[in-house]
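The following account leads the reader through a protein chain, from individual residues to the overall arrangement. Please keep the sequence and the coordinates in view while reading.

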Amino acid sequence: MKKIRIGYIEYLNCLPIYYALEEGSVNLEAKLVKGPPTKLNRMFLEGQLDITPISSIEYARNPDKVVILPDISISADGNVESIFLFSKIPVTELEGHTVALTTSSATSVVLLKILFDHYYHVKVNYVDRKPDLPTMLKNTAAALLIGDDAILAREKYKELAGQPLIVTDLGEVWKKFTGMKMVYALWVIRQGFVDDNPGETAEIAGIFRKAKEIGLNSLDLLAGKAAEHYNLPKELFDHYYETIRYDFGEEEQTALLTYYDYAYKSGLIPERVKLRIWGENIG
Ligand SMILES: C=C(O[C@@H]1C=C(C(=O)O)C=C[C@H]1O)C(=O)O
């Protein structure tokens, strides 16, 4: 069999899942392909990856091609600490202004639009920009960043051009709005791969479960690696790894369907979808 092609988001939030794979403490013959979420979303949907974390909104746009791996996601209960709107003025005063959206994200872009439509009731214009805060804020009032870009920007830019920046955590606002958790990414397998390799799919689901367990038992070590890599205090990453959650149980599933509901109401997905989860209602 050809090596399985697995996507790997190049952010710290993926490290706990891939640590065991990279260290070889779980055994999976695979080619790991790194990139920002939108690149992996595209590669997976074009058939260039067999398994990947995918922006959770992309599942709702392509439910027929995709099977969700059980018990794994990137989510948070409130604050997420890596999805921030940086604004020059309070969010409630952004009516008529332009907001720059990172081209790395799909889920958080939709989350922001949902919050403007249904929570803040503020109408803004959007432009897509590469994730670089000073450039993004050159001609705009606010900018959305995710992942390590967001973590680093919050540390680096307390102000910009002499102007203090207001930092809004979208996970916190979503929790205030709905009382729910928020699911940002899911791990998915190509439907074609599952059809051709049912036995292997079961094995892979087990390997990801094991990898997650090992990663979650190694968070102290991983926070240390992150601190060294970015030359920032370890406490920042201890806190981050306490914040990001990797489960995909009933509460996460209900929260995800609620998010899809709002995305549908805002015209950002074509229809409401069912979750097809391997081992739960598929396979
Ligand atoms: C919490 C995060 O989760 C993610 C957010 C994504 C998105 O907005 O499309 C996609 C994958 C995850 O990396 C983050 O990147 O900060």
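Does His121 count as buried or exposed? The model in which this is asked is a predicted one. His121 has a relative accessibility of 59%, and because exposure requires a value over 50%, the residue counts as exposed. Its place is in the loop between α4 (107-120) and β7 (125-129). Although His121 is not a glycine, it has a positive phi of about 55°.

Asn231, which is not a glycine, has a positive phi of about 55°. This residue lies in the loop between α10 (219-230) and α11 (234-243), and with a relative accessibility of 69% Asn231 counts as exposed.

Ala141 also belongs to a loop, namely the one between α5 (133-136) and β8 (142-146). Its relative accessibility is 9%; the limit for burial is under 20%, and therefore Ala141 counts as buried. When residues up to four places away in sequence are not counted, Ala141 touches Phe86, Ser87, Lys88, Ile89, Leu94, His97 and Thr98.

Leaving aside neighbours within four places in sequence, Thr168 is in contact with Ile83, Phe84, Leu85, Val91, Tyr120 and Val173.

The next level is that of secondary structure. The protein chain comprises 12 helices and 12 strands. Strand β1 (residues 4-9) pairs with strand β2 (residues 30-35) in the parallel sense, over six bridges. In this pairing, Ile9 stands opposite Gly35 of β2. Together with helix α1 (residues 15-23), β1 and β2 make a right-handed β-α-β unit.

The chain is divided into domain 1 (4-74 + 183-265) and domain 2 (83-178). Between the C-alpha centres of domain 1 and domain 2 the distance is 24 Å. The contact takes 25 residues from domain 1 and 23 residues from domain 2.

Which residues touch the most other members of the largest nonpolar core? This core has 96 residues, and those in question are Leu85, Phe116, Leu186, Trp187, Phe208, Tyr259 and Tyr260. Each of domain 1 and domain 2 supplies at least three residues to this core. Apart from it lies another core, of 13 residues, including Phe84, Phe86, Leu133 and Ala143. As for Tyr260, its contacts beyond neighbours within four places in sequence are Ser56, Ile57, Tyr59, Ala60, Leu186, Ile269, Val273 and Leu275.

Finally, the chain may be considered as a whole. Of its 283 residues, 54% are buried. Among contacts between residues at least 6 apart in sequence, 80% join residues at least 24 apart. The C-alpha atoms fill a box of roughly 55 × 45 × 30 Å along the principal axes. The radius of gyration is 19 Å, which agrees with the value near 19 Å that a compact globule of 283 residues would have.

Note on methods
Residues are numbered from 1 along each chain as its sequence is written. This is a predicted model: local features need pLDDT of at least 70, side-chain atom pairs count only at pLDDT 80 or more; totals for chains, interfaces and linings use all residues. Side-chain values use heavy atoms; hydrogens and water are left out. Two strands pair if DSSP finds at least two bridges between them. Helices (H or I, at least four residues) and strands (E, at least two) are DSSP runs, numbered from the N terminus. A crossover is right-handed if, with the strands pointing away from the viewer, the path from the first strand over the helix to the second runs clockwise. A nonpolar core is a set of buried Ala, Val, Leu, Ile, Met, Phe, Trp, Tyr and Cys residues joined through side-chain atoms within 4.5 Å. Buried means under 20% relative accessible area, exposed over 50%, partly exposed in between (1.4 Å probe, protein chains only). Domain bounds come from an automatic or database domain assignment. Contact means heavy atoms within 4.5 Å. The radius of gyration is taken over C-alpha atoms; the globule rule is 2.2 Å times the number of residues to the power 0.38.
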